[in-house]
Amino acid sequence: MKRLTAVLLTLVMCLSLLAGCGTQGTEPDPDPVTPPVEQPDDTTEPEPTVTPAYEGDIFGTGAVGENGAAACASPLAAEIAMDILKKGGNAVDAAVAMIYAVGMLEPAASGIGGAGQMVVYLAESDEYVVIEYMTQAPGAAIPGTLDTSTSDNPPSPQAIAIPGVVHGTLTALEKYGTMTPREVLQPVIDLARSGFPVTSRWNSNIEGRYENLSAYEYTMDLYTDEGFLWNEGDLITNNDLADTLELIADEGIKGFYDSDFTDKMVDWIQSVGGVLTHEDFAQYHSVIREPVSTTYRGYTVYTAGGPSNGGVALLEMLNIAEQFDLAGYGHDSAETVQILNDAYALAYQDGVAYMGDPDYYDLPVDEMISKEYGEERAKSVTVGERIKVAKAGKLEVSLSATGEKVLADCTPDQGGTTHMAVMDSMGNAVSTTNGINFGSAVAVPGTGFVFSAHLGNLNDTMSARVNQLMPYIRVRSTMCPTILAGEDGKPVLAIGSPGNWALVPAALNAIVNYVDFDMNVAEAILAPRSFRDGISKTLTIESRYGQSVLDQLAAMGFEIDEESSEYGAHVGCLAGVEVGDDGRFYALGDYRRLYGAAAY
């Protein structure tokens, strides 16, 4: 990457304004506390004010349009999605373009070397599908034989998993898109070559992972200025990534997974201590799965199931929450906070205990998401007193025939994720979560991207009941991209969050805010949230609830995290799109991680 001139920066900014796809506010400070306000002293230059796109968009990170809308980690990526719609593409085309754009603009959270799940509503066939492209363990993944630790600096190269993003996105285009890979990827290629501005979020991600990244010279060259952080606003390029995207656009799945380019990746990974082979890449495939779903107060909630455990946990939480009159208690009440966090604690335990790759395990999914099980679990919640010890329910999980065979043959939460949502005027909707967490920090010279270290998410022991490391098992994650449908079965809200386990209660809160408290997408996303670790009594809660509520929660037995702020990414970071009653599309990117949106 290299620094470009101030003239080019000005030109890009001008072009961005001319091609704007919706209302965008000024990017806030990286550690947001309150909305910007004008200074009262006339001698002091006022802070920049925001222009809300619609009611509830208090930070100017929303957008509204007649023809479609998108929300994600970067306003630039959301605008690329809108450009795809303007050229005749559908929501799937736009989502794929956005995935690659965000992978370049927020490389700490997603990218070609990572994984994802995509929930799609297809208007023409009136169906919901999940495209699952999670990372996969290599053929050499025999329990006890690899160092899959991710706690070292850098993580062990043996933790590198087979990436799924390219296969999953190109499969999405082939089956459900309307444009070619070249048409979808060209705007991202152009941006990679012409340059994009460094944000405060970019630098904070690099700074937080500097020790890992500095282990590899090429990786440092990709993301820093000869080891120094770029200045915010500098334009940087990634021509190596542009070259890789050119190859994907022209040669497709085979060009990435079974070619000389594959050998280039494998040779370098093995040279630094990794174990992936050409055969590992060549056998990879994404999977079209049915979404898991439940109803919630007249709506239907669709999300991704295994190998993710977050989606099933989300549905269990909703079924528990449905047993309580949340609207009667009120949104900002201590009772509502306690109920939702106890529901999360119970579902978290079940998700960890019983979820994994559905091809390798017979999972109790139907029971976990049933109304009966939700009613039973809700009996553990006593309003006014937190659950002291949340335990998994009494369910059964066992190896499937495939799992038994693989295990017999082989025997002698990375938290960096990102979410994107998009809807189009044809009625299609996509909610997709992708992840990488800068992963292994290993980037193959000349390719422009890093690989995940997702094997650290698997249990590397022969005694594991579920989610055990074994050849070609899909890596488990907490991703729960979600679409909420109205009584007619059509999407009304596409929502999701990054944040490891925090992303699940973030999605829960958004749905509850939308349904129980009649909030629009902006209000639902920006309302105060909290997060209780499933095995802890510590409650991370935004201070906007007020001291009285915090005191009540403390009296219930919670330990209030004193580091809580008014708006903090520790409670997840939502991206959502809503179809309003007026038929228009309303999008919002969460201020907590400086997300953005676009519409037209």
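I took helices (H or I, at least four residues) and strands (E, at least two) as DSSP runs, numbered from the N terminus. The model is a predicted one, where local features need pLDDT of at least 70 and side-chain atom pairs pLDDT 80 or more, while totals for chains, interfaces and linings use all residues. Residues are numbered from 1 along each chain as its sequence is written, and side-chain values use heavy atoms, with hydrogens and water left out.

I looked up His-167 and found it in helix α4, residues 165-176. Is His-167 buried or exposed? His-167 is buried at a relative accessible area of 11%, given that buried means under 20%, exposed over 50% and partly exposed in between (1.4 Å probe, protein chains only).

I then checked its contacts (heavy atoms within 4.5 Å). Leaving aside residues up to four places away in sequence, His-167 touches Ile-253, Tyr-257, Tyr-284, His-285 and Ser-286.

Next I turned to the sheet, where two strands pair if DSSP finds at least two bridges between them. Seven strands form an open sheet in the order β7-β4-β3-β13-β12-β2-β21, with antiparallel pairing. Strands β7 (287-289) and β21 (596-599) stand at the edges with a single partner strand each, so one side of each has no neighbour in the sheet.

I also followed one pair within the sheet: β3 (residues 115-122) and β4 (residues 127-133) run antiparallel over seven bridges, and Val-119 stands opposite Val-130 in β4.
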